[in-house]
Amino acid sequence: MHAADLHLDSPLRGLSRLGDGELATTLRAATRRACENLVDAVVDSRAEALVLAGDVYDGDWKDYATGAFFVRQLSRLHDEGVPVFLISGNHDAESEITRSLRLPPNTHRLSVEHPETVIDDDRGLAVHGQGFARRAVLENLVPAYPDRIPGLVNVGLLHTSVQGDDRHDTYAPCRPEDLSGCGYEYFALGHVHEQQQVCAGAWFSGNLQGRHPQERGAKGALLVDAAPGAAATVTPLVLDVARWELVEVDIAGLDGADDVYDAVAAALRDRCAAAAPRTVVAQVTLHGAGPAAQDLTSAEGVRTEIELIAERCGAVLEKVRNRTRPPAGALAVDPELTAAVSAAAAGLAAEPDRIRELAAPLEREVGRRLREAGLLDLRDDERLAALARQAEQQLLARMAGS
């Protein structure tokens, strides 16, 4: 079993408005529950070993309860006779817990000083790898990895960014040909949170649990079948507890707000059915041009309606974006005026210093209360830019006669 990027006790972002209810408690414990699902899957699948390709923890955590939880999970596998091989990633390198906790006898943490090989003769397994001694490992570690040992299943462990993917910090960068050149039966990779194949026999497992809206869709681990000298086969396993989803509804062709809300409800029901029994945490984006835009000018009203729809569908609403506009030609005003409104909004959205200055009096008066209520962070440039765009949409709709 290959897993990575557990990020234990990392908070799921954007859920502050949920307070301290049962659902909020469940979602905040999602990374732990996903780890328990991983251990269950190892046992249920009769996997012969678990390899963890870095970032068990989420930075410099001082709460030893996080580490104690992880040790208990490793101990469950010790009782089942399953060995665990792990390396430290960039987040683990920051963690005081990583350096201090004693791991069970079944757990092998590979060296951070140089590539190390651990051989398990009983299973015919050789695990090669090197962890991070510091957060920013900028050199390619793969050229120093040991040669393949004939007659064994050789598994490489590496926390890395692979050339060509600029969405992640470039730690321990390497090329696909570096990995394939080792000749190992399998390379277990961590750091990239999307499940993907890099080259033959080299995979990122992705993370176990999405932690924010950019980590959408199913998350889990990979069950790998390998034999000496043979190509490995990989089976994805879904292990997440809560799932982030983006729901987009185009209002073109929809006559009014009721039609829009019906379309949102249908999309949310589909996402919830596909994710069941997991909780869906949804972002909803309304976009496109149509007559219904004039019925969607109240941000609070739209948010409330969609929040109620989400509750009925069994989902949690994280955010609503309203990017709708009236159809071309619907505005009974001078087109130069509407163009000026749009230009002013675009200018504000592109000048964070200016919009932050405009928001400063409101921040001083009620900023802290808005943040504590989980409603709005007036220090967030991205959110302020979205407000400028939202103001544009609402003003254009009102100018159309709503």
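Is Asp55 buried or exposed? Asp55 is buried, with a relative accessible area of 1%; buried means under 20% relative accessible area, exposed over 50%, and partly exposed in between, with a 1.4 Å probe and protein chains only.

## Basis of the report

This is a predicted model, in which local features need pLDDT of at least 70 and side-chain atom pairs count only at pLDDT 80 or more, while totals for chains, interfaces and linings use all residues. Residues are numbered from 1 along each chain as its sequence is written, and side-chain values use heavy atoms, with hydrogens and water left out.

Helices (H or I, at least four residues) and strands (E, at least two) are DSSP runs, numbered from the N terminus.

## Backbone features in loops

Asp55 sits in the loop between β2 and α3. Asp55 has a positive phi of about 60°, although it is not a glycine. Arg46 also has a positive phi of about 60° without being a glycine. Arg46 belongs to the loop between α2 and β2 (50–52), and it is exposed, with a relative accessible area of 74%.

A further loop, between α7 and β14, holds Pro277. The peptide bond that leads from Ala276 to Pro277 is cis, with omega near 5°.

## Helices α2 and α3

Helix α2 covers residues 30–44 and helix α3 residues 64–79; their axes come within 10 Å and cross at roughly 10°. That makes α2 roughly parallel to α3. Axes are lines fitted to C-alpha atoms, for helices over the stretch in contact, and angles run from 0 to 180 degrees between N-to-C directions. Angles under 35 degrees count as roughly parallel, over 145 as roughly antiparallel, 65 to 115 as roughly perpendicular and the rest as oblique.

Contact means heavy atoms within 4.5 Å. On the α2 side the contact includes Arg32, Glu36, Val39 and Val43, and on the α3 side it includes Thr66, Phe69, Gln73 and Leu77. By class, the contact of α2 with α3 has seven nonpolar, two polar and five charged residues. Here Ala, Val, Leu, Ile, Met, Phe, Trp, Tyr, Cys and Pro count as nonpolar, Asp, Glu, Lys and Arg as charged, and the others, Gly among them, as polar. Thr31 is another residue of helix α2, and at 1% relative accessibility it counts as buried. Leaving aside neighbours within four places in sequence, Thr31 is in contact with Leu6, His7, Leu8, Asp9, Ser10 and Gln209.

Strand β8 runs over residues 186–190; five of its five residues are buried, so β8 is largely enclosed by the rest of the structure. In a regular strand the side chains alternate between the two faces of the sheet. Both faces of β8 are covered, with Tyr186, Ala188 and Gly190 buried on one side and Phe187 and Leu189 buried on the other.

Two strands pair if DSSP finds at least two bridges between them. β8 pairs in the parallel sense with strand β7 (residues 153–159) over five bridges, and Leu157 stands opposite Ala188 in β8. β8 also pairs in the parallel sense with strand β10 (residues 202–204), over three bridges. The bridge partner of Leu189 in β10 is Phe204.

## The three-stranded sheet

An open sheet of three strands has the order β13-β14-β15, with parallel pairing. Its edge strands, β13 (242–250) and β15 (316–325), each pair on one side only. On average, neighbouring strands of this sheet are turned by 10° against each other, direction ignored. Strand β14 (residues 279–289) is joined to β15 by nine bridges, and Val281 has Val316 in β15 as its bridge partner.

Helix α7 (residues 257–275) lies across β13 and β14, at about 150° to β13. At 1.5 Å a residue, the 19 residues of α7 should span 27 Å, and its end C-alpha atoms are 27 Å apart, which agrees; the expected span is 1.5 Å times one less than the number of residues. Among the buried residues of α7 are Val260, Tyr261, Val264 and Leu268, and their cover includes β13, β14 and α8. Helix α8 (residues 299–313) lies across β14 and β15, at about 135° to β15.

## Helix α9

Ala346 is in helix α9 (residues 335–349). Ala346 is partly exposed, with a relative accessible area of 26%. Ala346 and Arg389 are 43 residues apart in sequence and 7.2 Å apart in space, C-alpha to C-alpha.
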